[in-house]
Amino acid sequence: SLISSSSKTWRHATHLSPSFCCCCPSFLLLAQPKTNAKRKEIGMATDDEQTMFVSEVPARICFFGEHQDYLGLPVIACAIPLCCRIEVRVANRSSSRRLLVLRVPQLDQTTTYDLDSLPPQQSPRALNNDPDFALAAIHEAIVDGWELTGAECTSTTEFPMQAGISSSSAFCVAWFHVLAKLAGKTPISPIELARLAHRAEVAHFDAPGGTMDHVTCAVGGMLRIGPGKWDVTLLNSNKNTESRGVWILAYSGEPKDTLKHLHRCKNARLSLYEKLGENWDCDDEGILSSLTVDEKQLLETTLINRNTERQAAQHWNSAAGETIAEWMQHHHNALRDGLHLSSIRLEALNEAAQSAGAWGFKVVGSGGGGCGVAWTSPSLAQTVAAAMERAGAPNTWIIQEPARGAQLKP
């Protein structure tokens with residue numbers, strides 16, 4: 001369940017610019033016919049000739065292992081009850097044109113894909129400019145031999161984009177679930193759905209991302225993911241007791257730079273990993289003495305993050321929430337000091353949360369902005385949330401338990 005402690009919501013975030021769109025590029029925007037007569041004229045279904053279903057996928061929070069899933073190290077992440085929803089209307093009759101329409105009202109955007117005359121696949125360079133994950137998913141589905149039908153889709157989110165809680169991954173999972181339904185490929189397992197979404201968002205663009213986001217959004221619950229890309233262990237979730245606590249997600253109001261941080265944190269450490277003989281526990285004095293100051297800091301940070309995640313996973317079902325939150329804070333400090341992933345605003349939220357009695361705080365996502373999460377007792381939840389809002393958070397959400405994964409609803 002979810003309690004929003006802020007009167008402000010993101011259901012109508014029309015002030016966001018098109019550059020925040022996680023699914024479709026501006027160069028494909030087309031006018032959308034509004035009358036039944038016009039819709040019939042171009043081969044689209046009228047209101048009385050459609051059936052509807054909804055694809056719903058949660059966002060996620062990473063508690064331990066931030067920036068290490070793509071290093072082959074495990075993470076602990078949780079699906080949260082803030083969702084991406086795609087409402088789909090499918091024509092009940094055949095049409096000479098297979099049009100797949102995607103609306104994003106929050107960004108005032110509408111994209112129409114002609115399935116019989118698609119734009120070409122975008123190059124990996126598009127990821128730095130204007131990636132179209134929806135188009136990438138369509139191309140990936142066609143590569144797999146899926147026969148897609150036309151439909152009209154409307155995508156909305158309950159959370160801020162570019163904020164470190166996997167808005168683009170949640171969309172990709174929800175969108176591929178839509179495509180699977182349209183192609184008659186449902187039911188589909190959550191892990192397979194995660195694999196497909198990862199292909200569309202990451203592999204398709206040769207991008208530097210791991211699998212945590214797609215797995216957590218598709219599977220749901222509290223998960224330990226790794227060490228294999230698709231290894232998943234379900235952990236006990238919070239029971240919203242005083243000893244286990246609740247989580248407070250806070251948006252800093254600052255967009256993050258996902259690719260900048262992913263490239264820096266991934267590429268530099270993969271090079272370091274090779275230098276260490278692909279052994280983070282390398283004890284070769286010759287190798288260790290040859291490391292630069294920056295490489296030594298990266299190694300120390302990576303070991304802190306790895307060992308903290310291991311400790312949390314080992315004691316997750318037995319330790320009190322306050323203890324696990326202290327380990328989470330230790331993880332945040334390493335991300336801040338070793339990978340430089342925090343910001344002045346996030347540190348203000350960190351200080352405000354702890355001054356109000358929170359057990360711990362951590363930056364969420366790629367860092368440099370976006371969201372942070374505080375862990376506290378239920379009795380102090382409203383106090384901590386209010387303190388973070390006073391420190392500059394435009395929005396906070398009190399989260400009592402993990403959310404379910406990807407769902408299709410009639």
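Predicted model: local features only at pLDDT ≥ 70, side-chain atom pairs only at ≥ 80, totals over all residues.
Q: How many helices and strands does the chain have?
A: Helices (H or I, at least four residues) and strands (E, at least two) are DSSP runs, numbered from the N terminus. Here the chain comes to eleven helices and 13 strands.

Q: What percentage of the residues of the chain count as buried?
A: Buried means under 20% relative accessible area, exposed over 50%, and partly exposed in between, with a 1.4 Å probe and protein chains only. Of the 410 residues, 57% count as buried.

Q: What share of the contacts joins residues 24 or more positions apart?
A: A contact means heavy atoms within 4.5 Å. Among contacts in the chain with a separation of 6 or more, 76% are between residues 24 or more positions apart.

Q: Which span is expected for helix α10, and which does it reach?
A: The expected span of a helix is 1.5 Å times one less than its number of residues. Helix α10 (residues 344–355) has twelve residues and reaches 16 Å from its first C-alpha to its last, close to the 16 Å expected. Its buried residues are L346, L349, N350, A352 and A353. These pack against β9 (246–251), α9 (321–338), β10 (360–364), β11 (371–376) and α11 (381–390). Just after α10, G357 takes a positive phi of about 110°.

Q: How are two packed helices described?
A: They are described by the angle between their axes and the distance between the axes. Axes are lines fitted to C-alpha atoms, for helices over the stretch in contact, and angles run from 0 to 180 degrees between N-to-C directions. Helix α8 (residues 293–315) and α9 pack at an angle of about 165°, with their axes 10 Å apart. The pair is therefore roughly antiparallel; angles under 35 degrees count as roughly parallel, over 145 as roughly antiparallel, 65 to 115 as roughly perpendicular and the rest as oblique.

Q: Which residues of α8 and α9 meet?
A: Those in α8 include Q297, L298, T301 and I304, and those in α9 include I324, W327, H330 and H331. The residues of this contact divide into seven nonpolar, nine polar and one charged. Ala, Val, Leu, Ile, Met, Phe, Trp, Tyr, Cys and Pro count as nonpolar, Asp, Glu, Lys and Arg as charged, and the others, Gly among them, as polar.

Q: Why does W327 count as buried?
A: W327 lies in helix α9 and counts as buried because its relative accessibility is 17%. Not counting residues up to four places away in sequence, W327 touches F64, T308, Q311, A312, H315 and A319. The C-alpha atoms of W327 and W359, 32 residues apart along the chain, are separated by 9.7 Å.

Q: At what angle do α2 and α4 cross?
A: Their axes come within 8 Å and cross at roughly 120°, which means that α2 is oblique to α4. In this contact, F133, A136, A137, E140 and V143 of α2 meet R199, A200 and E201 of α4. The contact residues divide into five nonpolar, no polar and three charged.

Notes
Residues numbered from 1 in each chain as written. Heavy atoms only, no water.
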